[in-house]
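Please read them with the coordinates open.

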Amino acid sequence: MIARAFLRPSPITIFDEATASLDSGSEQLVAEAIDKIKGNRTVIIVAHRLETVKNADDIYFIQDGKATGNDTHKELIENHLLHRQYVKEQLLEFI
């Protein structure tokens, strides 16, 4: 499904929980593949697991239906308490 999405000549591609059913190793491979093949298109990824979006140029953290944070992964770790807490829970990196 993900490969087919990139075969279509579209300026925007949206993935909604595209890696939710994958194990963490496969999820990381898919995230890396998306980074490599996205080209000049805008890719919007909706995800609960942060591994999928941690390399994104811009992350919107949605809490109770509202964007409570908007920045890079690194900046959100430093400035957004709940994002930092999710990183710890998902064991993405040591903080």
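1. Ground rules. This is a predicted model, with local features needing pLDDT of at least 70, side-chain atom pairs counting only at pLDDT 80 or more, and totals for chains, interfaces and linings using all residues. Residues are numbered from 1 along each chain as its sequence is written, and side-chain values use heavy atoms, with hydrogens and water left out.

2. Strands β3 and β4 pair in the antiparallel sense, over five bridges. Strands are DSSP runs of E with at least two residues; helices are runs of H or I with at least four; both are numbered from the N terminus. Pairing requires at least two DSSP bridges between two strands. Ile 59 has Asp 71 in β4 as its bridge partner. Two residues separate β3 and β4 in the hairpin.

3. Asp 64 sits in the loop between β3 (59-63) and β4 (66-71). Its phi is positive, about 55 degrees, and it is not a glycine. Most residues other than glycine have a negative phi. Is Asp 64 buried or exposed? Asp 64 is exposed, because its relative accessible area is 76%. The classes are buried under 20% relative accessible area, exposed over 50% and partly exposed in between (1.4 Å probe, protein chains only).

4. Positive phi at Glu 17. Glu 17, not a glycine, also has a positive phi of about 55 degrees. Glu 17 belongs to the loop between β1 (12-16) and α2. With a relative accessible area of 25%, Glu 17 is partly exposed.

5. Salt bridges. How many salt bridges does a search of the whole structure find? The search finds two. The criterion is a side-chain nitrogen of Lys or Arg within 4 Å of a carboxyl oxygen of Asp or Glu.

6. Glu 27 with Arg 49. These side chains meet in a salt bridge at 3.0 Å, N to O. The pair links distant parts of the chain, 22 residues apart: Glu 27 is in helix α2, and Arg 49 is in the loop between β2 (42-46) and β3. Glu 27 counts as buried because its relative accessibility is 2%. Arg 49, at 28%, counts as partly exposed.

7. Glu 51 with Lys 54. Here the closest N and O atoms of the salt bridge are 3.6 Å apart. Glu 51 is buried, with a relative accessible area of 17%. Lys 54 counts as partly exposed at 23% relative accessibility.

8. Nonpolar patch. Ile 12, Ile 14, Ile 44 and Val 46 make a nonpolar surface patch of about 350 Å². Patch members have over 30% relative accessible area and no salt bridge; like charges are joined within 9 Å, and nonpolar side chains (Val, Leu, Ile, Met, Phe, Trp, Tyr) within 5 Å. Areas come from the Shrake-Rupley method with a 1.4 Å probe; for residues, only the protein chains shown count as cover. At least two patch residues come from each of β1 and β2. Ile 44 lies in strand β2. At 39% relative accessibility, Ile 44 counts as partly exposed.

9. Negative patch. Glu 32, Asp 35, Asp 57 and Asp 58 gather in a surface patch of negative charge. Asp and Glu count as negative, Lys and Arg as positive; His and the chain ends are not counted. Each charge is placed at NZ of Lys, CZ of Arg, CG of Asp or CD of Glu. Asp 35 is in helix α2 (residues 24-37). Asp 35 counts as partly exposed, at 35% relative accessibility.
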